[in-house]
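Please look over the two chains below before reading my comments. They are set out as numbered points.

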Amino acid sequence: MPRGGAAEPGSRRLTAGAMALLHDPDRHTRPFPRRHDSALPFDPAALPSDLPLMLDTTVYVHRLQNKIPPPIHALVEARPILHCAVAVAEIAISAGIMDPTHATTARYRTPLLGLLHGISALDMRAPGPAAWAEAGMLAGILARTQFGLAQSRTALGSGAVEQQRESRRRLLNDALIFLCAGEHGAVLVSGNVADIDVLLRFRPDSQVLLYRV
Amino acid sequence: MPATNRPGQTIRRLASARTRGERIERHVAAALAELRLAGAVTGTRSQRISVRVDPGVMRAAAARLGLTNPSDVVNASLAVAAAPDRFKAWWAETHATLPDDFEPAI
């Protein structure tokens, strides 16, 4: 890897390295302070009027729990909606993982399948290769600087190692959904305020609408 | 044009908008499939209508749909407008609920 995170001198070829190194890991050693809500995009009225919405996984789950704030509910009714394949995968794995013989499975799985049947494949969008490379770098930086997820195996028990890996995957998915929305010219709607706050530090030009339940 | 011209018979895609055109074509096809399921498609273009439209909107619709024939543009636009949006219907109407303790698997 080129030192200091710079692209290879003189090279104008687009490489995975160039895609990932949009964010130099050497420049990030300390966590970002959490911002007050007044500094974050919580106002639906401030959104550009002509952009579709892409929904974070939190939105689908909160809708199924009847926790969506009325202004967000109305906005989703009014705007074209794109669905990120990563969020759809998170819903699908949640449906697939449940034990068919367990007494409560139907209660949890049926609403998830109803949601998946409501999503047209034509409205689904997947992150492109550049977003994957960038999301990986972002997730790595945030895991280390923001969330304390860069502990060595020896410092952790086996259960904690797995938990750390799972938390990193969650961060990767958050970054993928965040970047996918930008790639497809959509406003990301999310109730995941803490993670989107720090992702916006890296891509402050991204169109995002946050809410709290 | 025959009174029973079948939908999509004269649809031509603009070569310059191939990838996007394919997506739109699938969108229109999906809309027609939804309307067929709902029993709304008769399979003929038997109703003649005479309407005035904003030429700018007509041009924009033709460009978006990748179509040149005005009849195709109107038919495709009507199909997309009339097709039920499953997600919006789900969003507005679902009564299914997840318990508060639900967490996505990842």
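The points below take up the sheet of chain A, the interface and a helix pair of chain B.

1. The model is predicted: local features need pLDDT of at least 70, side-chain atom pairs count only at pLDDT 80 or more, and totals for chains, interfaces and linings use all residues. Residues are numbered from 1 along each chain as its sequence is written, with chains lettered from A and ligands numbered from 1 in the order in which they are written.

2. Chain A has an open sheet of five strands, paired in parallel in the order S3-S2-S1-S4-S5. Helices (H or I, at least four residues) and strands (E, at least two) are DSSP runs numbered from the N terminus; strands pair if DSSP finds at least two bridges between them. At the edges are S3 (124-125) and S5 (208-210) of chain A, each pairing on one side only. Two bridges join S1 (residues 53-55) and S2 (residues 81-84) of chain A, and A:Leu53 has A:Ile81 in S2(A) as its bridge partner.

3. At the interface, 28 residues of chain A are in contact (C-beta atoms, placed from the backbone, within 7 Å) with 19 residues of chain B. H5(A) gives the most to the chain A side, with six residues.

4. In chain B, the axes (lines fitted to C-alpha atoms, for helices over the stretch in contact) of H2 (residues 55-65) and H3 (residues 70-82) come within 10 Å and cross at roughly 80 degrees, on a scale from 0 to 180 degrees between N-to-C directions. H2(B) and H3(B) are therefore roughly perpendicular (65 to 115 degrees). Residues making the contact include B:Met58 of H2(B) and B:Val73 of H3(B).

Key: Contact = placed C-beta atoms within 7 Å. Parallel < 35°, antiparallel > 145°, perpendicular 65-115°, else oblique.
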